[in-house]
Structures are given as structure tokens and as C-alpha cells.
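Subject: Structure for your review

Dear colleague,

Please find below the structure that I am handing over to you.

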Amino acid sequence: GKGERYDELQAFLKAYNIKNFKNYGFLDTQNLKNLIKTCDIGVVPMISTSIPNKVFDYIANDLPIYVLGENDSSDFVKEYSIGWNSKFKSESIKKFLNAINHEEIQQKRLNLLKTKNKFNRKSLHRKILNLIES
């Protein structure tokens with residue numbers, strides 16, 4: 001896309017001569033689903049504390065989640081055992097990539113399938129309503 005950090009990202013890619021990166025920008029729901037179907041793991045590179053929409057996109061599409069950094073998103077995937085996290089450092093990322101295997105990915109996907117209904121819009125709205133009413 002052309003988000004607020006687009007120019008910064010492009011400069012980083014150019015400075016480090018990174019060629020194997022695709023920036024899809026904003027995708028509509030169907031195109032996002034089609035793209036996610038081709039993936040084994042959803043990556044969430046976070047430098048701030050929050051849980052971005054992409055986490056819920058990955059959950060909705062049964063995609064285990066790898067979070068870079070220590071933050072709300074990493075706490076979330078650890079709590080529900082639906083993914084992994086590492087420090088936002090090249091050594092940690094390399095260690096994760098060298099250790100991950102298909103069996104582990106499948107186990108995280110099974111955990112995700114067991115818990116994903118907790119995070120659909122209807123369930124979240126019910127929790128919010130209960131909180132407001134209490």
C-alpha cells in the first residue's frame with residue numbers, strides 16, 4: 001500500500017537490498033482469504049503494544065501466528081497456544097525459522113481451530129455487552 005510508513009519501508013528494503021519481499025497493501029476480504037490460503041504462518045511484526053486486525057484475519061483463516069517482539073500480540077498467541085513469538089532480532093528470528101517444523105505448525109493450527117470461536121465478532125460483542133451491563 002501507501003500507508004504512513006510506506007516510504008520508510010521502501011528505504012529499508014533498498015538500503016539492505018532485500019528482494020524477496022512482497023507488499024500487498026490493503027486487500028479486500030476475498031483477496032486476503034485467497035492469499036492466506038497459500039501461507040503456513042501469519043507474521044505480525046510489532047514494535048508497539050496492540051493486537052492489530054491482521055491477528056484476527058489470521059485466526060479467521062486458521063493460520064498460526066508468529067509475532068516478532070514482546071507485546072500484547074505475543075502474549076495473546078502464547079496464552080492460547082496459537083502461535084509463537086521471538087525477539088525482534090535477526091538471531092531470534094533465524095533460530096525460530098531453523099527450528100520450526102510441519103508438525104508444530106499443525107499443532108498450533110489445531111489449537112487455533114479449538115479456540116477460534118472465542119474471537120469471532122459475535123463472541124467478542126457478547127463479551128463487551130456483558131462487561132457494559134455488569
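Predicted model: local features only at pLDDT ≥ 70, side-chain atom pairs only at ≥ 80, totals over all residues.

Three strands form an open sheet in the order β1-β2-β3, and their pairing is parallel. The edges are taken by β1, residues 42-45, and β3, residues 83-86, each of which pairs on one side only. On average, neighbouring strands of this sheet are turned by 15° against each other, with direction ignored.

The pairing in detail

Strand β1 is joined to β2 by four bridges, and the two run parallel. Within this pair, Pro 45 is found opposite Leu 68 of β2. Strand β2, residues 65-68, is also joined to β3 by four bridges, again in parallel. Here Tyr 66 has Trp 84 of β3 as its bridge partner, and Val 67 stands opposite Asn 85 of β3.

The side chains of β2 deserve a separate remark. In a regular strand, side chains alternate between the two faces of the sheet. In β2, Ile 65 and Val 67 point one way, whereas Tyr 66 and Leu 68 point the other way. All four of these residues are buried.

Between β1 and β2 the chain passes through helix α3, residues 53-60, in a right-handed β-α-β crossover. A right-handed β-α-β unit is likewise made by β2, helix α4 (residues 72-80) and β3.

Asp 72

Is Asp 72 buried or partly exposed? Its relative accessible area is 37%, so Asp 72 counts as partly exposed, since the buried class lies under 20% and the exposed class over 50%. Leaving aside residues up to four places away in sequence, Asp 72 touches Thr 49, Ser 50 and Ile 51. Cys 39 lies 33 residues from Asp 72 along the chain, and the C-alpha atoms of these two residues are separated by 23 Å.

With kind regards

Definitions and conventions. Residues numbered from 1 in each chain as written. Heavy atoms only, no water. Pairing = 2+ DSSP bridges. Axes fitted to C-alpha atoms, helices over the stretch in contact; angles between N-to-C directions. Buried < 20%, exposed > 50% of the residue type's maximum accessible area, 1.4 Å probe, protein only. Right-handed = clockwise from strand over helix to strand, strands pointing away. Contact = heavy atoms within 4.5 Å.
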